[in-house]
Amino acid sequence: MIDLYTWTTPNGRKASILLEELGLPYTAHAIDITKDEQFQPGFLAISPNNKIPAIVDHETGISLMESGAIMLYLADKTGQLLPREGEPRYRVIEWLMWQMGGVGPMLGQVHHFARFNKGAAPYAEERFLKEAQRLYGVLDRRLADREFVADTYSIADIAIWPWISRFEWQTIDLDDFPNVRRWYEVIAHRPAVQRGYHVPKKVGDIPMPEPRT
Ligand SMILES: N[C@@H](CCC(=O)N[C@@H](CS)C(=O)NCC(=O)O)C(=O)O
């Protein structure tokens with residue numbers, strides 16, 4: 001049994017969607033970051049950086065913070081959604097790292113400056129909105145001739161998708177990125193994604209782009 005400490009955010013959903021995809025039994029514990037629960041001493045012992053998600057795997061005794069590390073661990077534990085060796089493995093890790101180093105931090109700043117503090121810091125707003133457009137362009141080009149970012153569905157797609165699910169917060173029109181739109185919709189319809197999105201609780205439906213006219 002795995003304990004998952006999480007909240008209704010993109011990084012949290014990466015872990016819950018992956019656990020659902022892998023069919024691993026787990027218990028979700030809500031860490032309400034709007035109430036600073038991530039700073040409680042008990043949580044600090046599991047997540048030294050005070051951020052969700054974190055897991056404790058009682059089968060192995062391993063506890064982990066950082067969603068990318070959690071995803072690599074769970075994929076290796078089950079032998080699913082991450083090839084065991086060779087270029088296919090490193091291609092998945094490459095795009096997982098792209099999400100961890102680019103998509104997550106940059107789109108997170110878009111949420112802060114363009115959604116929650118609009119007008120407070122015009123330079124930051126412009127910088128991160130521009131970066132969002134650039135990152136969506138990178139993803140759109142990557143998906144132009146393949147179904148998923150590393151050819152077959154993998155932890156890289158699961159890492160990126162919850163961030164793209166906030167396209168409205170990022171003022172992104174998915175019709176400007178048709179390959180991203182197609183990929184986003186395919187993944188949104190997966191049953192495991194639909195279950196994992198609503199962990200630890202449902203706060204709204206999965207955002208979907210307007211139907212094409
Ligand atoms: N690099 C970390 C980032 C985790 C992260 O930023 N988590 C956010 C929620 S999405 C959080 O816990 N924020 C609480 C805080 O910053 O105090 C990961 O991928 O796990």
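The following legends describe close-up views of a predicted model.

Residues are numbered from 1 along each chain as its sequence is written, and side-chain values use heavy atoms, with hydrogens and water left out. Local features need pLDDT of at least 70, and side-chain atom pairs count only at pLDDT 80 or more, whereas totals for chains, interfaces and linings use all residues.

**View 1. The four-stranded sheet is open and has the strand order S2-S1-S3-S4.** Strands (E, at least two residues) and helices (H or I, at least four residues) are DSSP runs, numbered from the N terminus. Two strands pair if DSSP finds at least two bridges between them. The pairing in this sheet is mixed. Strand S2 (26-30) and S4 are the edge strands, each pairing on one side only. Direction ignored, neighbouring strands of the sheet are turned by 15 degrees against each other on average. Helix H1 packs on the sheet and touches S1 and S2, with its direction at about 150 degrees to that of S1. Helix H3 (residues 67-78) lies across S1, S3 and S4 and runs at about 140 degrees to S4. Axes are lines fitted to C-alpha atoms, for helices over the stretch in contact, and angles run from 0 to 180 degrees between N-to-C directions. Contact means heavy atoms within 4.5 Å.

**View 2. Strand S3 (residues 54-57) is covered on both faces.** Ala54 and Val56 on one side, and Ile55 and Asp57 on the other, are all buried; the term denotes under 20% relative accessible area, against over 50% for exposed and in between for partly exposed (1.4 Å probe, protein chains only). Strand S1 (residues 2-6) runs antiparallel to S3 and is joined to S3 by four bridges. S3 also pairs with strand S4 (residues 62-65) in the antiparallel sense, over four bridges. Ala54 of S3 is the bridge partner of Tyr5, and in S4 the bridge partner of Ala54 is Met65. Leu64 in S4 is the bridge partner of Ile55. S3 and S4 form a hairpin with four residues between them, and Gly61 in the turn has a positive phi of about 80 degrees.

View 3. Leaving aside neighbours within four places in sequence, Ile2 is in contact with Leu19, Leu24, Pro25, Tyr26, Thr27, Ile55, Val56, Asp57, Leu74 and Lys77. Ile2 and Pro25 are 23 residues apart in sequence, and their C-alpha atoms are 6.5 Å apart in space.

**View 4. Glu21 of helix H1 (residues 10-22) is a buried residue.** The relative accessible area of Glu21 is 17%. Not counting residues up to four places away in sequence, Glu21 touches Gln80, Leu81, Tyr153, Ile158, Arg190, Ala192 and Val193.

View 5. Rings of Phe, Tyr and Trp (its six-membered ring) pair if their centres lie within 6.5 Å; planes under 30 degrees apart count as stacked, over 60 as edge-to-face and the rest as tilted. A search of the whole structure finds nine aromatic pairs. The pair of Tyr5 and Phe43 is tilted, at 6.2 Å centre to centre and 50 degrees between the planes. Tyr5 is buried at a relative accessible area of 15%, and Phe43 is buried at 5%. The rings of Trp161 and Tyr197 form an edge-to-face pair, because their centres are 6.1 Å apart and their planes are at 80 degrees. Trp161 lies in helix H6 (residues 155-164) and Tyr197 in the segment after helix H8 (191-196), 36 residues apart. Both Trp161 and Tyr197 are buried. Ring pairs link Trp161, Phe167, Tyr184 and Tyr197 into a cluster.

**View 6. Helix H5 (residues 122-142) packs against helix H7 (residues 178-188) at an angle of about 75 degrees.** Their axes are 7 Å apart. H5 and H7 are therefore roughly perpendicular to each other, a class that spans 65 to 115 degrees, beside roughly parallel (under 35), roughly antiparallel (over 145) and oblique (the rest). Tyr136, Leu139 and Asp140 of H5 meet Pro178, Asn179, Val180 and Trp183 of H7 in this contact. By class, the contact has five nonpolar, one polar and one charged residues; Ala, Val, Leu, Ile, Met, Phe, Trp, Tyr, Cys and Pro count as nonpolar, Asp, Glu, Lys and Arg as charged, and the others, Gly among them, as polar. H7 is mostly covered, with eight of its eleven residues buried. The cover over these buried residues includes H5, H6 and H8.
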